[in-house]
Amino acid sequence: MSRIAYVNGHYRNLRDACVNIEDRGYQFSDGVYEVCEIRDGRLVDMPRHMARLQRSLGELRIAMPMPLSALSVVMREVVRRNRVGYGIVYLQITRGVARRDHAFPPDAVRPGVVVTARSLSRARNEATAARGIAVITVPENRWPRVDIKSVSLLPNVLAKQAARDRGAYEAWYVDGDGLVTEGSSSNAWIVTRQGSVVTRSARSGILSGITRSVLIEVMEALQVRFEERPFSPAEARDAAEAFVTSASQIVMPVVSVDGQPIGDGMPGEISRRLRQEFHRFSTFS
Ligand code: PMP
């Protein structure tokens, strides 16, 4: 079955789907994106993703290309046409096509919209979660506006590749104060030896992850102790457990940081439980 993408008003075979070379997303990374998990053919936590999308667009003064309700219809349609039961849907909105000039184009230039969807192997994800992943640390080198989910991801690409080059799965950025901000494509968490779950505040230095925000509610409901504060790589290496969160991985246990095992080097009890319970607290649409 060929994959289908939505591109600026049309559903196309992926191999025929293209955008103009003067799209500002291509030339300036001038755009934003969202990734939602798909479970049982349904989109997980869409209202939160759409709220974050609107915020990202607003911060960059990119117009909403169509009403949210229409955008949701397109995303669900792409999921349906690709027959994705378990996987992700990707939405990208750019400032549109205009003669190359750094400053914004005239208001008449309409934003560009691309939606794709892809199946993932649930079995493979669960196997990865059962083993846990390795994380390395890298110096924070991103711009301060990491709260905007921009398609400008070059530092993230380099950090992820640095992880791969060292046999790890994710890279955690460490800021100038020696504190972990987040992963190259995930939020970073530890569980202290006292059983308290810790992650940095979303007020600065990180993307406010949707999985992160749902998980905080999961912990409240399950009465898991939670502290919103930064932690250092040393504290992480000494923690009982660690994990990362993102829409495509949900709660993914971390079993080593910079080559040092966390806890007993196996996914921790609290991480496993939060992963299991997560979708009881998600919305599906
Ligand atoms: N931080 C970064 C830098 C990310 O790319 C992601 C994944 N989009 C996250 C955090 C996690 O966000 P979410 O839970 O919304 O997927």
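This is a predicted model: local features need pLDDT of at least 70, side-chain atom pairs count only at pLDDT 80 or more; totals for chains, interfaces and linings use all residues.
Helix axes here are lines fitted to C-alpha atoms over the stretch in contact, and the angle between two of them runs from 0 to 180 degrees between N-to-C directions.

The axes of helix 6 and helix 8 (residues 269–277) come within 11 Å and cross at roughly 105°. Angles of 65 to 115 degrees count as roughly perpendicular, so helix 6 and helix 8 are roughly perpendicular to each other. On the helix 6 side, the touching residues are Leu-215, Val-218, Met-219 and Leu-222, and helix 8 answers with Arg-273, Leu-274 and Glu-277. Sorted by class, that contact has 5 nonpolar residues, no polar ones and 2 charged ones.

Now stay on helix 6 (residues 210–222) and look at its meeting with helix 2: the two axes come within 10 Å and cross at roughly 130°. That angle makes helix 2 oblique to helix 6, and the crossing is right-handed. Helix 2 brings Arg-48, His-49 and Arg-52 to this contact, while helix 6 supplies Ile-210, Ser-213, Val-214 and Glu-217. The class count for this one is 2 nonpolar, 2 polar and 3 charged residues.

Helix 2 (residues 46–60) has another partner to look at, helix 3 (residues 68–81), and their axes come within 12 Å and cross at roughly 120°. So helix 2 is oblique to helix 3 as well, and this crossing is right-handed. Met-46, Met-50, Leu-53 and Gln-54 of helix 2 make the contact with Leu-68, Leu-71, Ser-72 and Met-75 of helix 3. Here the residues split into 6 nonpolar and 2 polar, with no charged ones.

For Ile-210, a backbone N or O atom lies 2.8 Å from an oxygen atom of the ligand. Ala-247 also uses its backbone, with a polar atom there 2.8 Å from a ligand oxygen. With Glu-182 the side chain is involved: one of its N or O atoms is 2.6 Å from a nitrogen atom of the ligand.

Definitions and conventions:
Residues are numbered from 1 along each chain as its sequence is written. Side-chain values use heavy atoms; hydrogens and water are left out. Helices (H or I, at least four residues) and strands (E, at least two) are DSSP runs, numbered from the N terminus. Angles under 35 degrees count as roughly parallel, over 145 as roughly antiparallel, 65 to 115 as roughly perpendicular and the rest as oblique. A crossing is left-handed if the near helix is turned anticlockwise from the far one by less than a right angle, and right-handed if clockwise. Contact means heavy atoms within 4.5 Å. Ala, Val, Leu, Ile, Met, Phe, Trp, Tyr, Cys and Pro count as nonpolar, Asp, Glu, Lys and Arg as charged, and the others, Gly among them, as polar. A polar contact is a pair of N or O atoms within 3.5 Å; within protein, one must be able to donate a hydrogen and the other to accept it, and residues adjacent in sequence count only if both atoms are side-chain atoms.
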